[in-house]
Amino acid sequence: MPSDRPDDLPPATRVPRCARTELGYDVPQVDEFLAAVHAALECGPEAAVRPGTLTSTQVRAAVFAGTRGGYRPAAVDELLDEAEDALAAAERARFLRERGPRAWQEHLDALTRSLRHRLDRPRTRRFRHPSRARALGYSAAHVDVLCERLEARLGGTGPLEPAEVRRAVFPPAHGERGYEEHQVDAFLDRAVQLLLALR
C-alpha cells in the first residue's frame with residue numbers, strides 16, 4: 001500500500017510512495033534534495049541568496065537513484081516542476097532589480113540566439129549524429145518536431161510550455177536517423193530556461 005511521508009514534514013513536501021514491489025525514487029536522496037529546495041524557496045526575490053542555495057537550473061537537472069518502494073516519480077517530478085517555476089520567477093525578479101530591464105532583455109536575446117543557431121538548420125541536421133553507425137541516439141524526426149514547436153513558440157504562432165520540453169521523450173534511432181543525446185539534452189535545457197524566462 002502506498003504511504004505518505006511522516007506528518008512532521010511540511011505538507012507541501014509530502015510525497016506518496018510506490019508499493020513495495022514498484023520502482024520509485026530513492027527516499028533519502030529525495031528527502032535531502034527537497035529540504036534544499038525548501039530552503040531555496042524561502043529566499044524570495046528580495047532576499048540575499050545564501051552560498052550553496054539551489055538554482056532553478058539545478059532543480060531541473062536533478063536525478064535520483066531508483067529503489068523499490070521509493071517515492072512515486074510523477075509526484076516528485078510535479079513538485080520539482082513547481083519549484084523550478086517558482087525559483088525561475090524569483091531569479092528573474094532578482095535579476096531585474098539588480099541589473100535592470102535592459103540587461104534582462106540582452107540575456108533573453110542571447111538565449112534566443114543560442115537556440116536559433118540550431119533551429120535555423122535543416123531537418124535531420126540540427127544536431128550531431130551518433131559517432132558510430134550502430135550507436136543509438138534520439139530519433140531525429142521526433143526531435144525535429146519538438147524543435148519546430150519551439151520555433152513556432154518563439155515566433156508567437158504556437159504554444160509550448162516548459163513542462164512539455166522537460167518531459168519530452170524520444171524513441172531511439174541509429175546512425176543518420178538519430179541525434180547525439182547529450183547535445184540534444186543541452187539544447188532542451190536552454191529551451192526550458194528561455195521558456196521560463198519569457199513567462
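**Helix packing and aromatic pairs**

In helix α3, residues Arg92, Phe95, Leu96 and Arg99 meet Pro101, Ala103, Trp104 and His107 of α4. The model is a predicted one.

**Contact of α3 with α4**

- Helix α3 spans residues 73-99, and its axis lies 7 Å from that of α4, at an angle of about 130 degrees.
- An angle of about 130 degrees makes α3 oblique to α4.
- Sorted by class, the residues in this contact are 5 nonpolar, 1 polar and 2 charged.

**Aromatic pairs**

- Across the whole structure, a search finds 6 aromatic pairs.
- The ring centres of Tyr25 and Phe64 are 5.3 Å apart and the planes stand at 50 degrees, so this pair is tilted.
- A second pair, Phe127 with Tyr179, is edge-to-face, with 5.1 Å from centre to centre and 70 degrees between the planes.
- Phe127 lies in the loop between α4 (101-119) and β3 (136-139), and Tyr179 in strand β5 (residues 178-179), so this pair ties together parts 52 residues apart in sequence.
- Phe127 counts as buried because its relative accessibility is 4%, and Tyr179 counts as buried at 0%.
- Ring pairs also join Tyr25, Phe33 and Phe64 into a cluster.

- Val143 is part of helix α5 (residues 140-154).
- With a relative accessibility of 1%, Val143 counts as buried, since the cut-off for burial is under 20%.
- Neighbours within four places in sequence aside, Val143 is in contact with Phe127, Tyr138, Phe170, Tyr179 and Val184.
- Among these contacts are Phe127 and Tyr179, the two partners of the edge-to-face pair.
- Val143 and Phe127 are 16 residues apart along the chain, and their C-alpha atoms are separated by 9.5 Å.

**Helix α7**

- Helix α7 comprises 17 residues (181-197) and reaches 24 Å from its first C-alpha to its last, close to the 24 Å expected at 1.5 Å a residue.
- The buried residues of α7 are Gln183, Val184, Phe187, Leu188, Ala191, Val192, Leu194, Leu195, Leu196 and Ala197.
- One of these buried residues, Val184, is also in contact with Val143.

Key. Residues are numbered from 1 along each chain as its sequence is written. This is a predicted model: local features need pLDDT of at least 70, side-chain atom pairs count only at pLDDT 80 or more; totals for chains, interfaces and linings use all residues. Side-chain values use heavy atoms; hydrogens and water are left out. Helices (H or I, at least four residues) and strands (E, at least two) are DSSP runs, numbered from the N terminus. The expected span of a helix is 1.5 Å times one less than its number of residues. Buried means under 20% relative accessible area, exposed over 50%, partly exposed in between (1.4 Å probe, protein chains only). Rings of Phe, Tyr and Trp (its six-membered ring) pair if their centres lie within 6.5 Å; planes under 30 degrees apart count as stacked, over 60 as edge-to-face and the rest as tilted. Contact means heavy atoms within 4.5 Å. Axes are lines fitted to C-alpha atoms, for helices over the stretch in contact, and angles run from 0 to 180 degrees between N-to-C directions. Angles under 35 degrees count as roughly parallel, over 145 as roughly antiparallel, 65 to 115 as roughly perpendicular and the rest as oblique. Ala, Val, Leu, Ile, Met, Phe, Trp, Tyr, Cys and Pro count as nonpolar, Asp, Glu, Lys and Arg as charged, and the others, Gly among them, as polar.
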